[in-house]
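Open the model in your viewer and keep the selection tool ready. Each stop below says what to pick and what to look for.

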Amino acid sequence: MGCILLGIKEINVNKLKEHLASDNSERRLIDIRSEAEMAQGVIPGAEMVPMHLVPLKAEQWRDSDSVILYCRSGARSGQVCAFLQQQGYDNVINLRGGIIDWVRQGNKIETLQRKTG
């Protein structure tokens, strides 16, 4: 899937694109940035779970084949991966370089519709 850095599994943007193109319904892509950051755009298909809510939502991911987490640069999502691994999750993967690398390599992002009222 990717290299392992300090015990954290990582995936690069090119491998993520291949992974997303495969038909794997048991894969989750999780954006852990703040709502303000997510409002600027997300990777298509991502679920939005701000970092502070990860401990409350993580149980939903236990049976997934893989849970790919990303943030702006890969630092926060790497910390979340380490935390989840300490909780016994072996299916978590960090997107190296985060959404910055995703955009830098010319990939599209989706902007969220603003909720009104």
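## Stop one: Val80

Select Val80, which sits in helix α4. You are looking at a predicted model. Is Val80 buried or exposed? Val80 counts as buried because its relative accessibility is 5%, under the 20% cut-off.

Now show the surroundings of Val80. Leaving aside neighbours within four places in sequence, Val80 is in contact with Ile32, Met51, Val54 and Leu69. Val80 and Ile8 are 72 residues apart along the chain. Their C-alpha atoms are separated by 9.9 Å.

## Step back: the whole chain

Zoom out and colour by secondary structure. The chain has five helices and six strands. From the N terminus on, the order is β-β-α-β-α-β-α-β-α-β-α. The chain has 117 residues, and 43% of them count as buried. Take the contacts between residues at least 6 apart in sequence: 66% of these join residues at least 24 apart.

Next, colour by confidence. The mean pLDDT of the chain is 90. A value of 70 or more is reached by 89% of the residues. Select residues 1-5, where the pLDDT is below 50. Beyond near neighbours in sequence, this stretch has 13 contacts in the model.

## The largest nonpolar core

Which residues touch the most other members of the largest nonpolar core? Select Ile30, Ile32, Val54, Trp61, Leu69, Leu84 and Val92. The core has 15 residues in total. Two elements to highlight are β5 (66-70) and α4 (75-86), each supplying at least two residues of this core. Helix α4 gives the most, with three residues.

Stay with Ile30 for a moment. Not counting residues up to four places away in sequence, Ile30 touches Glu47, Val49, Trp61, Val67, Ile68, Leu69 and Tyr70.

There is also a second, separate core, with 14 residues. Its members include Ile11, Leu29, Tyr70 and Ile93.

## Trp61, inside a loop

Where does Trp61 lie? Trp61 is in the loop between α3 (54-57) and β5. Trp61 counts as buried because its relative accessible area is 1%.

Show what Trp61 touches, not counting residues up to four places away in sequence: Arg28, Ile30, Glu47, Val49, Val54, Val67, Leu69, Leu84, Tyr89 and Asn91. Draw a distance from Trp61 to Arg28. The two are 33 residues apart in sequence, and 7.6 Å apart in space, C-alpha to C-alpha.

## A charge over a ring

Arg62 lies over the face of Tyr89. The distance from the ring centre is 4.0 Å. How many aromatic pairs does the structure hold? It holds zero.

Select Arg27, in strand β3 (residues 27-31). Is Arg27 buried or exposed? Arg27 is buried, because its relative accessible area is 18% and the cut-off is under 20%.

Show the side chain of Arg27 and look for two backbone oxygens. The side chain reaches the backbone oxygen of His19 at 2.9 Å. The backbone oxygen of Ser22 lies 3.4 Å from a polar atom of the Arg27 side chain. Not counting residues up to four places away in sequence, Arg27 touches His19, Leu20, Ser22, Ser66 and Ile68.

## Glu10 and its two partners

Go to strand β2 (residues 8-11) and select Glu10. Glu10 counts as buried, because its relative accessibility is 9%. Which side chains make polar contacts with that of Glu10? The side chain of Arg96 makes another polar contact, at 3.1 Å.

## Last stop: Asp90

Finish at Asp90, in the loop between α4 and β6 (92-95). Asp90 is exposed, because its relative accessible area is 58%, over the 50% cut-off.

Technical notes
Residues numbered from 1 in each chain as written. Predicted model: local features only at pLDDT ≥ 70, side-chain atom pairs only at ≥ 80, totals over all residues. Heavy atoms only, no water. pLDDT = per-residue confidence, 0-100. Contact = heavy atoms within 4.5 Å. Phe/Tyr/Trp six-rings, centres within 6.5 Å; stacked < 30°, edge-to-face > 60°. Lys NZ or Arg CZ within 6 Å of the ring centre and 35° of its normal. Core = buried A, V, L, I, M, F, W, Y, C linked by side-chain atoms within 4.5 Å. Buried < 20%, exposed > 50% of the residue type's maximum accessible area, 1.4 Å probe, protein only. Helix = DSSP H or I, 4+ residues; strand = E, 2+ residues; numbered from the N terminus. Polar contact = N/O pair within 3.5 Å; in protein donor to acceptor, adjacent residues only side chain to side chain.
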